[in-house]
Amino acid sequence: MDFLLGNPFSSPVGQRIEKATDGSLQSEDWALNMEICDIINETEEGPKDALRAVKKRIVGNKNFHEVMLALTVLDGTSRPSRS
C-alpha cells in the first residue's frame, strides 16, 4: 500500500497527467495524452503512477472540466497499442 502515499503528481507521468487535466485547458492536449501513453507503456512504474494521478483528479473533484479531461486521459490509456 506504499504506492498510495505521497503526491501522485510527483512522478514523470503524474506531472504530465496534472498538466493534461488542468482546468484552464480549453480542450484536450492530444500530444500530451500520447506522451502519457508512451510513459505508461515504456516504464515499469508508469501504470501505477498514472492510476494514482488520474484517481486523484477524479475522486472528489468538483471541477467538471478537470474530471472530463482526466476521463479522456484514462480512455486514451486504456486502448490497446498498435505496435
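A crossing of two helices is called right-handed if the near helix is turned clockwise from the far one by less than a right angle, and left-handed if anticlockwise. Keep that in mind as you look at this predicted model, where H1 passes H3 in a right-handed crossing.

**The overall layout**
- The protein chain has 83 residues, and 33% of them count as buried.

**How the helices cross**
- Two packed helices are described by the angle between their axes and the distance between the axes.
- Let's start with helix H1 (residues 12–20) and helix H3 (residues 46–58), whose axes come within 8 Å and cross at roughly 30 degrees.
- Angles under 35 degrees count as roughly parallel, so H1 is roughly parallel to H3.
- Now turn to H1 and helix H2 (residues 30–42): their axes come within 10 Å, and the crossing angle is roughly 160 degrees.
- Angles over 145 degrees count as roughly antiparallel, and H1 and H2 are therefore roughly antiparallel to each other.
- The handedness of the H1 and H2 crossing is left-handed.

**A nonpolar patch on the surface**
- Phe 64, Met 68, Leu 71 and Leu 74 form a nonpolar surface patch, and together they have about 380 Å² of accessible area.
- One of these residues, Leu 71, sits in helix H4 (residues 64–77).
- Leu 71 counts as partly exposed because its relative accessibility is 36%, which lies between the cut-offs of 20% for buried and 50% for exposed.

Notes. Residues numbered from 1 in each chain as written. Predicted model: local features only at pLDDT ≥ 70, side-chain atom pairs only at ≥ 80, totals over all residues. Heavy atoms only, no water. Patch = residues over 30% accessible without salt bridge, like charges linked within 9 Å, V, L, I, M, F, W, Y side chains within 5 Å. Areas by Shrake-Rupley, 256 points an atom, 1.4 Å probe, with all protein chains shown as cover. Salt bridge = Lys/Arg side-chain N within 4 Å of Asp/Glu carboxyl O. Helix = DSSP H or I, 4+ residues; strand = E, 2+ residues; numbered from the N terminus. Buried < 20%, exposed > 50% of the residue type's maximum accessible area, 1.4 Å probe, protein only. Axes fitted to C-alpha atoms, helices over the stretch in contact; angles between N-to-C directions. Parallel < 35°, antiparallel > 145°, perpendicular 65-115°, else oblique.
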